[in-house]
Amino acid sequence: MMETNNYQHIQELLNRFFEGETTNAEEKELYQFFSSSELPEQFRQYRQMFGFFESGIKEESEEKSETLTIKTSWIKTHHKSLIWGISAIAASFLLLFMIGNSMREDHFNPYEGSYIVRNGVKHELSEKEAQQAAKRMLAIEQQQINDYNNAMKTLQEHKEKIKNIKDKLNQINQINQEIKVNKQND
Amino acid sequence: MDQEQFKKEVVPLRNKLEIYARHLLNNPQDVEDVVQEVFLKMWFIRNQLDKYNDVGALAMQINKNLCINHLRTPHLFGDEAVEDSIEKIDDKEDPYVKLEHKDAANQVIHLMDRLPELQQKILKMKHVEGFEVEEIAELTGGNVEAVRVNLSRARKKIRELYLKFYK
């Protein structure tokens, strides 16, 4: 008799629960009832559902907010390395660009199939000719460098000679002045 | 922003929000639902509200967006959404689908996603934050009955989903 009374009470609470009329305290009563091990047939189907109402919703929303915080914290922790990574990429591009530019200044570099236009006529080069041409170009460049060095050398020599002459002129001037002074003293 | 501040600064915006929503939505029940959802959304971000210069403008913006959502996809707010998803679950011919459903039933985790946003929020208020219906009504500036109706709908939908799953 006690039990059927209790079941009636639970059924009433259940109805009010689905109408949104129960208080938190009454809901606790329901959770407790539905988590007990021995449930009569008519209530058994609600056991898992009340588990959901009691803790499932909380777990689910916590799981959601956790994934959210993980997402934001990933960006936060990787913030610095992101900046470093981007600047590293930028720096390497700059380096490549500079190297590429300096390579482009690289001179005449004939290969098989290169050609020379001489007086409006196109001469293709065979591999041998290309090598010879490359050698010749190298020789010419070497010659130019030598010429330049020689020129610099003679220039240097001239400078030295001029300097010597200037020094000597200075000496003569000094001597002249000394003679003048001596004469005045006499 | 704490509860008292929320009641002082956010809840009084209700009148404005209602008037605006009434311009866009014909159904008074829809107006009530939208406004309730605005307040619940604001409540769940109450910690960040201090960062906004004008909380009223934020509320109006949320209100406007929700109204537009309502007009664009009314089915996402009513009862049809759940019925749709139940039908999809109920398709039991494919054994893989069946297995999937068993998994879904085991992981109750996606149940909440099957409810409209407003009902999710109300369930959270009641079952996670532990508010009584009267307190929720206070925070949304509405009457108890309006909150109770949505809570009832949410619970009935959960019941519906469970009975489908566990049969």
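How many helices and strands does chain A have? Chain A has 6 helices and 2 strands. Helices (H or I, at least four residues) and strands (E, at least two) are DSSP runs, numbered from the N terminus.

This is a predicted model: local features need pLDDT of at least 70, side-chain atom pairs count only at pLDDT 80 or more, and totals for chains, interfaces and linings use all residues. Residues are numbered from 1 along each chain as its sequence is written, while chains are lettered from A and ligands numbered from 1 in the order in which they are written.

**Chain A**

Select chain A and trace it from the N terminus: the elements run α-α-α-α-α-β-β-α. Buried residues make up 7% of its 186 residues. A residue is buried if 20 or more other C-beta atoms lie within 10 Å of its own, exposed if 12 or fewer, and partly exposed in between; C-beta atoms are placed from the backbone.

**The hairpin**

Select residues 115–118 and 121–124 of chain A, which are β1 and β2. The two strands pair in the antiparallel sense over 4 bridges; pairing requires that DSSP finds at least two bridges. A:Ile116 stands opposite A:His123. The hairpin has 2 residues between the strands, and A:Asn119 takes a positive phi near 55°.

**The contact between chains**

Show both chains. The contact takes 21 residues from chain B and 18 residues from chain A. Two residues are in contact if their C-beta atoms, placed from the backbone, lie within 7 Å. On the chain B side, α7 (117–127) and α9 (144–166) each supply at least two residues. α9(B) gives the most, with 10 residues.

**The core**

Next, select B:Val38, B:Phe39 and B:Ile122. These have the most contacts inside the largest nonpolar core, which has 39 residues. Such a core is a set of buried Ala, Val, Leu, Ile, Met, Phe, Trp, Tyr and Cys residues joined through C-beta atoms within 7 Å. α4 (47–77) of chain A supplies at least two residues of this core, as do several helices of chain B, including α2 (14–24) and α3 (28–44). α3(B) gives the most, with 8 residues. Zoom in on B:Val38: not counting residues up to four places away in sequence, B:Val38 touches B:Leu17, B:Ala59, B:Ile62, B:Asn63 and B:Leu66.

**Helix α8 of chain B**

Finish at residues 133–140 of chain B, helix α8. The buried residues here are B:Val133, B:Ile136, B:Leu139 and B:Thr140. Look down the axis of α8(B): its buried residues fall within an arc of 120°, so they line one face of the helix. The arc is that of the directions from the helix axis to the C-beta atoms. Just after α8(B), B:Gly141 takes a positive phi of about 70°.
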